[in-house]
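Hi,

Here is the structure I promised to pass on.

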Amino acid sequence: MAFIITTLTCQAQFEQGKYYVAGSLTGLNLSYSGAEKLSLGLEAKAGYLFEENWMLTAQATFQHSGDDNIANSAQVGLGFRYYIVQNGLYLGANAKLLHANHSYNDLMPGVEVGYAFFLNHHVTVEPALYYDQSFKSHSDYSKIGFKVGLGIYL
């Protein structure tokens with residue numbers, strides 16, 4: 001009975017017209033790229049469900065790494081999510097513009113797979129695996145990582 005109630009509750013959150021705000025820690029010392037090795041960042045995201053199960057997102061990220069070339073970087077981007085099943089599993093795709101120290105700029109498309117685990121009717125914990133592809137230097141700046149976020153569906 002609890003599983004059925006949880007499933008029905010989650011389904012209502014992915015309806016057209018809902019808003020979404022979230023914050024997450026990216027990397028958690030678990031992201032890796034050839035140039036940065038390990039890094040940690042903060043991400044803010046907002047979204048709008050324009051169709052049932054389809055969300056348009058905007059995001060801003062600040063990343064800090066020990067690498068001299070891109071020790072601090074900022075990213076802005078747009079993307080979307082598709083909720084595969086009504087229990088919270090989603091696929092996402094995005095494109096981000098990265099600006100870092102020493103005038104380094106890069107366009108980075110990315111993909112992610114995650115899960116929106118509902119704590120109550122509005123608040124979620126969202127672990128996700130992600131991959132960002134660098135157009136400037138694939139081997140040095142493309143990144144695979146793990147992030148955990150806290151989301152609110154309004």
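A quick term before anything else: I call it a salt bridge when a side-chain nitrogen of Lys or Arg is within 4 Å of a carboxyl oxygen of Asp or Glu. Please keep in mind that this is a predicted model, where local features need pLDDT of at least 70, side-chain atom pairs count only at pLDDT 80 or more, and totals for chains, interfaces and linings use all residues. Residues are numbered from 1 along each chain as its sequence is written, and side-chain values use heavy atoms, with hydrogens and water left out.

Salt bridges

The count comes to 5 salt bridges. One of them joins the side chains of E112 and K147, at 3.0 Å from N to O. That pair links distant parts of the chain, with E112 in strand β6 and K147 in strand β9, 35 residues apart. (Strands are DSSP runs of E, at least two residues long, and helices are runs of H or I of at least four, numbered from the N terminus.) Both E112 and K147 are buried, where buried means under 20% relative accessible area, exposed over 50% and partly exposed in between, with a 1.4 Å probe and protein chains only.

K147 also meets E43 in a salt bridge, at 3.1 Å from N to O. E43 lies in strand β2 (residues 39-51) and K147 in β9, so this pair ties together parts that are 104 residues apart in sequence. E43, K45, E112 and K147 are linked in a network of salt bridges.

Elsewhere, R81 forms a salt bridge with E126, their closest N and O atoms being 3.1 Å apart. Here R81 is in strand β4 and E126 in strand β8, 45 residues apart.

Charges over rings

Which ring does the charged end of K147 sit over? It is the ring of Y130, 5.5 Å from its centre. R81 lies over the face of Y90, 3.8 Å from the ring centre. For this I ask that NZ of Lys or CZ of Arg be within 6 Å of the ring centre and within 35 degrees of the ring normal.

Strand β6 and its partners

Strand β6 covers residues 104-115, and its covered face includes M108, G110 and E112. Strand β5 (residues 89-100) pairs with β6 in the antiparallel sense over 12 bridges; two strands pair if DSSP finds at least two bridges between them. Y90 has G114 as its bridge partner in β6. The hairpin of β5 and β6 has 3 residues between the strands, and H102 takes a positive phi near 60° there. β6 also pairs with strand β8 (residues 123-132), antiparallel again, over 5 bridges, and E112 stands opposite Y130 in β8.

Aromatic rings

There are 7 aromatic pairs. Rings of Phe, Tyr and Trp (its six-membered ring) pair if their centres lie within 6.5 Å; planes under 30 degrees apart count as stacked, over 60 as edge-to-face and the rest as tilted. W54 and F80 make a tilted pair, 5.8 Å centre to centre with 35° between the planes. W54 lies in strand β3 and F80 in β4, so the pair ties together parts that are 26 residues apart in sequence. Finally, Y20, Y83, Y90, F118 and Y153 form one aromatic cluster.

Cheers
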